[in-house]
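Subject: That structure, handed over

Hi,

Here is the structure I promised to pass on to you. Have a look at it first, and then read my notes below.

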Amino acid sequence: MTVIDSSPVQLAPTHPQDPCAPGGGHPLPEGRDHYTISQVAHVTGLTAHTLRWYERIGLMPHVDRSHTGQRRFRNRDLDWLRFVGKLRLTGMPVADMVRYAELVREGEHTFEARQELLESTRRDVRARIAELQDTLAVLDYKIDLYADARRTSERY
């Protein structure tokens, strides 16, 4: 019988210069990095259901299995999930994320297609940032307007 530690694990922050750099902030060293789905769910904030769905739709690369069929995630899987989390924050559609994952699995000859997909996403993010900056300016204007009105009414 094999006893497996399923206690929660914590990831240290990744290197601030490269938020997607592999190898940074892993709770277990390479070679001993066998995480259960519940540990990965705890570390990433994703549910076990979401992790299984990611695997089913092809967003996760092949996840190793134990002799009993239990998923065994590795540090490289945590790195990938960290990157997918960043893609999610950009608003990239799941279909595009799956396409990116497919391109990664196809190999180095897909570098150009991967770059184009990421550049397109970057353009979308920059457009959203500009929209949010405009929205912030409107909010700042309104807040200042109300603050000035309150100060004026308090004087009289």
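Is Arg76 buried, partly exposed or exposed? Arg76 is partly exposed, with a relative accessible area of 45%. For these words, buried means under 20% relative accessible area, exposed means over 50%, and partly exposed is in between (1.4 Å probe, protein chains only).

Before the rest, some housekeeping. This is a predicted model, where local features need pLDDT of at least 70 and side-chain atom pairs count only at pLDDT 80 or more, while totals for chains, interfaces and linings use all residues. Residues are numbered from 1 along each chain as its sequence is written, and side-chain values use heavy atoms, with hydrogens and water left out.

**The overall picture**

The protein has five helices and two strands, in the order α-α-β-β-α-α-α along the sequence. Helices (H or I, at least four residues) and strands (E, at least two) are DSSP runs, numbered from the N terminus. Of the 156 residues, 31% are buried. The protein exposes about 10,700 Å², and carbon and sulfur atoms supply 55% of that; accessible areas come from the Shrake-Rupley method with a 1.4 Å probe, and for residues only the protein chains shown count as cover.

**Helix H1 and its neighbours**

In helix H1 (residues 37-44), the buried residues are Ile37, Gln39, Val40, Ala41 and Val43. They pack against helix H2 (48-57), strand E2 (71-72) and H3, where contact means heavy atoms within 4.5 Å. Just after H1 comes Gly45, with a positive phi of about 85°.

**H3 against H4**

Two packed helices are described by the angle between their axes and the distance between the axes. For helix H3 (residues 75-90) and helix H4 (residues 94-106), the axes come within 11 Å and cross at roughly 145°. Axes are lines fitted to C-alpha atoms, for helices over the stretch in contact, and angles run from 0 to 180 degrees between N-to-C directions. On the H3 side, Trp80, Phe83, Val84, Leu87 and Arg88 meet Met97, Tyr100, Ala101 and Val104 of H4.

**Salt bridges**

There are nine salt bridges in the structure, each being a side-chain nitrogen of Lys or Arg within 4 Å of a carboxyl oxygen of Asp or Glu. Back to Arg76: its side chain meets that of Asp64 in one of them (3.8 Å, N to O). Asp64 lies in strand E1 (residues 64-65) and Arg76 in helix H3, so this pair ties together parts that are 12 residues apart in sequence. Asp64 is partly exposed too, at 23% relative accessibility. Both belong to a network of salt bridges that links Asp33, Asp64, Arg74 and Arg76.

Asp79 is buried at 10% relative accessible area, and Arg82 is buried at 16%.

Last stop: Leu136, Leu139 and Ile143 form a nonpolar patch on the surface, with about 290 Å² of accessible area together. Patches are made of residues with over 30% relative accessible area and no salt bridge, with like charges joined within 9 Å and nonpolar side chains (Val, Leu, Ile, Met, Phe, Trp, Tyr) within 5 Å. Ile143 is in helix H5 (residues 111-155) and is exposed, at 53% relative accessible area.

Cheers
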